[in-house]
Amino acid sequence: MSSSILHPSTFRSAILSAGYLPARVNLFLNRFGRSRIFSALELGIVTGRLLIVDDDGVFSFGQDEVKDARAVVTLHVHNPAMWARIAVSNDLGVSEAYMEGDFTVSDLKGLLNLWLNNRETLSLATPLSSIFSRYSALAISMLGRQTLEMAKWNVEVAYDTSNSFFECFLSKEMMYSTAIWSDAEGGVRGDLEGGPQPGDLESAQQRKIALILAKARVRPGDRLLEIGSGWGALAVGAAKMGCTVDTVTLSREQMAMVRRRAADAGVADRVRVHVCDYRELPAAFAHAFDAAVACEMIEAVGPRHLPTFFRTLDWALKPDRAAIVLTATSQPEHRWSEYQPDDFARHYHWPNTHLPSPLSLPKALQAAVPGRFVLHNLEDHAIHYPRTLREWGRRFDANFHGEVVTALLARYPALRGERALAAFARKWRYMFVYAEVGYARGYTNLNCWTFTRPENVAQVCA
């Protein structure tokens, strides 16, 4: 993987950062952006208060008197290019300005909550940013951003930084999806109310694995198909309970880790790793599996390819007793759209992903394979994600140094500059907070769908 894949800026952000534009053009864009954004803030912030400090002084937007001090956020502008980034990229420009160090803020979570609290009245969009937004939504939905050729690149950006890097913030089994918290760890706010305890994240992730396998109804001797291996936590867990697992990934980094972890757990004979796309499964997989699972992977399939994905699962699963368990970040029905523009998460962490809604996914399955499956269960695990993200953020802050950074710099020379490494670190810190706020506020869901073959009851009850 090339070093540029680690931090692929949008073209418009790269142009602003590289200094290609004449000074007078930069000055115009900065002034234009500042003027438009100040006008939007004047009208748009009706709850809470934002203080902006730049070379021209201190400017206050929103309520003069705020009872909760946490509702007052102070933003210091260090580079006026921030205004141009926001003018051309809207909220994506805010994240890019943060990564580039154009501003610092007293409370990043407070800033994002301030935006959500005022989203009915506050819009940072400009005609220019709207054009880019519409194009990116069209490209992701209609122009083949999830083709076989693009799929490998998308995976490289999202997962192939290095195994040691992900080890620095994930739990020991390296489950890169939400944990499921219980009273044993103090619940979803246990880290805030009682403080995080060693082993909490590991316990909650083991509970998540057990939950998914229970929903899949797998038993010792069953054969499980996993689309999206991660680093092997679920495959190893299923193999330990006596299943044979075929797990599919496009990441060679993950393949190596899964094989090593299966061997370390003594289940290498029951875990087979296939480096291929779900559209390239071996012919021998036809009607071979008792269940299929895909944890936070289907977002990468894209609306154009969902019919192929579901037909593939129908082909691979046994025709009588079989189940599918899917988890994914989704958008609530009231704001879901087929056309989803580029944003921070979609550009800098999981390229070209397309989020389903709770109901769009079952509809897509029925359209692809009518009558072949029934929706057995739908849950929303979103309340479990904020604490998971906080745990990852704390571990990142504690471990992103020393050998982790040394290995990263040796592998990716483009990060050796102080500015580039700092931007890389801020990208991850922004993601942990950005996602935490979205899930905590119900702006995004984390759904879990269970489908089964028709008339396939979970337990004999009569």
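This is a short tour of the structure above, one selection at a time.

You're looking at a predicted model, where local features need pLDDT of at least 70, side-chain atom pairs count only at pLDDT 80 or more, and totals for chains, interfaces and linings use all residues. Residues are numbered from 1 along each chain as its sequence is written, and side-chain values use heavy atoms, with hydrogens and water left out.

**Stop 1: the four-stranded sheet**

Helices (H or I, at least four residues) and strands (E, at least two) are DSSP runs numbered from the N terminus. Start with the open sheet of four strands, ordered β2-β1-β3-β4 with mixed pairing. Two strands count as paired if DSSP finds at least two bridges between them. Which strands sit at the edges? Select β2 (57–62) and β4 (103–105), since each pairs on one side only. On average, neighbouring strands here are turned by 20 degrees against each other, direction ignored.

Now pick out β3 (residues 72–77): three bridges pair β3 with β4 in the antiparallel sense. Click on Leu 75 and you'll find Val 105 of β4 opposite.

**Stop 2: a loop residue**

Go to Gln 63, in the loop between β2 and β3. Gln 63 is partly exposed, with a relative accessible area of 31% (buried means under 20%, exposed over 50%, partly exposed in between, with a 1.4 Å probe and protein chains only). Which residues does Gln 63 touch, leaving aside neighbours within four places in sequence? Show Val 46, Thr 47, Gly 48 and Arg 49; contact means heavy atoms within 4.5 Å. Thr 47 is 16 residues away along the chain, yet its C-alpha atom is 6.4 Å from that of Gln 63.

**Stop 3: the seven-stranded sheet**

Next comes an open sheet of seven strands, in the order β7-β6-β5-β8-β9-β11-β10, again with mixed pairing. Its edge strands, β7 (271–275) and β10 (374–380), each pair on one side only. From one strand to the next, the twist averages 20 degrees.

Select β5 (residues 223–227) and β6: they run parallel, joined by five bridges. Leu 225 stands opposite Asp 246 in β6. Strand β6 (residues 244–249) is largely enclosed by the rest of the structure, because five of its six residues are buried. β5 also pairs with β8 (residues 291–295), in the parallel sense over three bridges, and there Glu 226 faces Val 293.

Axes are lines fitted to C-alpha atoms, for helices over the stretch in contact, and angles run from 0 to 180 degrees between N-to-C directions. Helix α14 (residues 360–368) packs on the sheet too, touching β9, β10 and β11.

**Stop 4: helix α15**

Jump to α15 (residues 385–399). Its buried residues include Tyr 385, Trp 392 and Phe 396. Want to see what covers them? Show α4 (108–117), α9 (200–216), α17 and β11 (445–452), which are among the covering elements.

**Stop 5: two helices meeting**

Finish with α3 (residues 81–99) and α17 (residues 418–440), packed at about 135 degrees with axes 8 Å apart. That makes α3 oblique to α17 (under 35 degrees counts as roughly parallel, over 145 as roughly antiparallel, 65 to 115 as roughly perpendicular, and the rest as oblique). Show Val 94, Ser 95, Tyr 98 and Met 99 of α3, which meet Ala 423, Arg 426, Lys 427 and Tyr 430 of α17.
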